[in-house]
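Please read it beside the sequence and the model shown here.

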Protein chains: 2
Amino acid sequence: MINKLIDKIKKTNAPIVVGLDPMLSYIPSQILERAFKEYGETLEGAAEAIWQFNKGIVDATCDLIPAVKPQIAMYEQFGIPGLMAYKKTIDYCKEKDLIVIGDIKRGDIGSTSAAYAVGHLGHVQVGSRSYAGFDEDFATVNPYLGSDGVKPFIDVCKEEKKGLFILVKTSNPSSGEFQDRMIDGRPLYEWVGEKVAQWGEEHMGGSYSYVGAVVGATYPEMGKVLRKIMPKTFILVPGYGAQGGKGADLVHFFNEDGLGAIVNSSRGIIAAYKQEKYASAGEENYGEASRMAVKDMIEDIDHALSSR
Amino acid sequence: MINKLIDKIKKTNAPIVVGLDPMLSYIPSQILERAFKEYGETLEGAAEAIWQFNKGIVDATCDLIPAVKPQIAMYEQFGIPGLMAYKKTIDYCKEKDLIVIGDIKRGDIGSTSAAYAVGHLGHVQVGSRSYAGFDEDFATVNPYLGSDGVKPFIDVCKEEKKGLFILVKTSNPSSGEFQDRMIDGRPLYEWVGEKVAQWGEEHMGGSYSYVGAVVGATYPEMGKVLRKIMPKTFILVPGYGAQGGKGADLVHFFNEDGLGAIVNSSRGIIAAYKQEKYASAGEENYGEASRMAVKDMIEDIDHALSSR
């Protein structure tokens, strides 16, 4: 799957991923009204609105981008109907030949991580048959529990030809509270990064590993160091746009080959129609606004990479 | 909710929680067959079997115990139908007046943690109405992202009178890989424990905080230290039984008042009928075997606590 991701990035010339993290407040009123008319102001109504909203964005951008990253929490908050919209979104994106990175940040003791891995990336056995519960292509994983919490995910990826992005340095303001603490003269995130590089070397796709890392765009200097510690690791970079990261901050996350990183933007793309810059299309053409924002993001990153 | 938990522990004299972590291999054949007959060897069939299995255990043990802890991964692996069985299990346990600790180990950047908190412990707004998606009483939380990943959970708990258990030192063999690394002369888990104690002091129920901690039974010496670092923190202690923890290992997790800890056993209780000791009841009376295992566990802990 990492090779497919790289191929698609080369084809689109877009090392970016659109974060499908819908909030009801992002959804144009006509979509909300239609969903509430059909299902009432219920969890089902919210789920329908989210799904229709996602569909509009995917339809408007799928030829420009290699991948999407739905954040499962934004669906899980609406209970079972929300998770059904998550699954529907995954299936639709895969139909459109987009790679789906499930931003699930799971991680637990071995046997429990194995269940998550099977449910999200693999197949679960039921009697003589087997089923894919959610079937994302990649998943994000939390490393706090150590190797035996991560290995079951890697095992399933190996079997199913899928991939991971393991949290190394997250984009949020207080990520440093534990991640930056110094251990034998180096911050924790570097030790985690080293571990990710080690897991990765044992699990290579082609020139990159299918065990990737998450490093926030909001910490470019740390990204520079981590790039060196994990040379064959693909880095998923959240925090671009709404969280404050800019194209120029991103260059150090990439290798000399122009690869090695994929940058996520969520709000900046999916709620683009709310920005003055893209507002002219009007709320009903929110997909068009997202498309313009995707093009601008690709150009911003391309410009930053070619002028380094 | 922490006060209700303490009241129930006192009433049952059982500082224990039954981990509802069903695997299909634990489920007696007649339950599996009945479910597969009705739904086929499908995700729905697996979910039905899990639900019926859980119901049998809850019915057989609910008068003896204060709380249950369903591990969401064991349901999530069966996709949407699995999560419907998770929700059904939560609702049924609450009907039986059991406290439900959702072992979800979520944690993300602020806005995303807020969505998880709302979905699992709070109410999500849909137009003019609000809904509880999963509605557990407590949830487990991963602290790797720092304060702004944890605070949204605390905020929802404050509003909804619910509670948390934050991972400090987990029970798995490789938990030390990052958690035990020394920072300024003390292991990371102590720093996390200190933070949990600090969050807790600002969010007290009565004599204990509704911001609790997770510390594995498999590391009793560390439990001893953490007990002192977090005097007002309730500790959820996994790893008893199948993972290797024994009653005698547990005494240091408790305070002098006999409170402050709640010990989880999953496989040791729910699959008790598979142990030689409880096999006499027969597979079809698996609930009876679980009841005997619960009684033995209560006695083991009671004995350990009274002989300290």
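## Charges over rings

B:Lys169 lies over the face of B:Tyr219, at 4.1 Å from the ring centre, where a charge sits over a ring if NZ of Lys or CZ of Arg is within 6 Å of the ring centre and within 35 degrees of the ring normal. In chain A, the charged end of A:Lys169 sits over the ring of A:Tyr219, 4.1 Å from its centre.

This is a predicted model, in which local features need pLDDT of at least 70 and side-chain atom pairs count only at pLDDT 80 or more, while totals for chains, interfaces and linings use all residues. Side-chain values use heavy atoms, with hydrogens and water left out, residues are numbered from 1 along each chain as its sequence is written, and chains are lettered from A and ligands numbered from 1 in the order in which they are written.

## Aromatic pairs

Over all chains there are 14 aromatic pairs (rings of Phe, Tyr and Trp, the last by its six-membered ring, with centres within 6.5 Å; planes under 30 degrees apart count as stacked, over 60 as edge-to-face and the rest as tilted). The rings of A:Phe138 and A:Phe165 are stacked, because their centres are 5.1 Å apart and their planes are at 25°. This pair links distant parts of chain A, with A:Phe138 in strand β6 (residues 138-141) and A:Phe165 in strand β7 (residues 163-169), 27 residues apart; strands (E, at least two residues) and helices (H or I, at least four) are DSSP runs, numbered from the N terminus.

A:Phe138 counts as buried at 1% relative accessibility, and A:Phe165 is likewise buried at 1% (buried means under 20% relative accessible area, exposed over 50%, partly exposed in between, with a 1.4 Å probe and protein chains only). Ring pairs also join A:Phe53, A:Tyr273 and A:Tyr286 into a cluster.

## Helix α13 of chain A

Buried residues of α13(A) include A:Tyr286, A:Met297 and A:Leu305.
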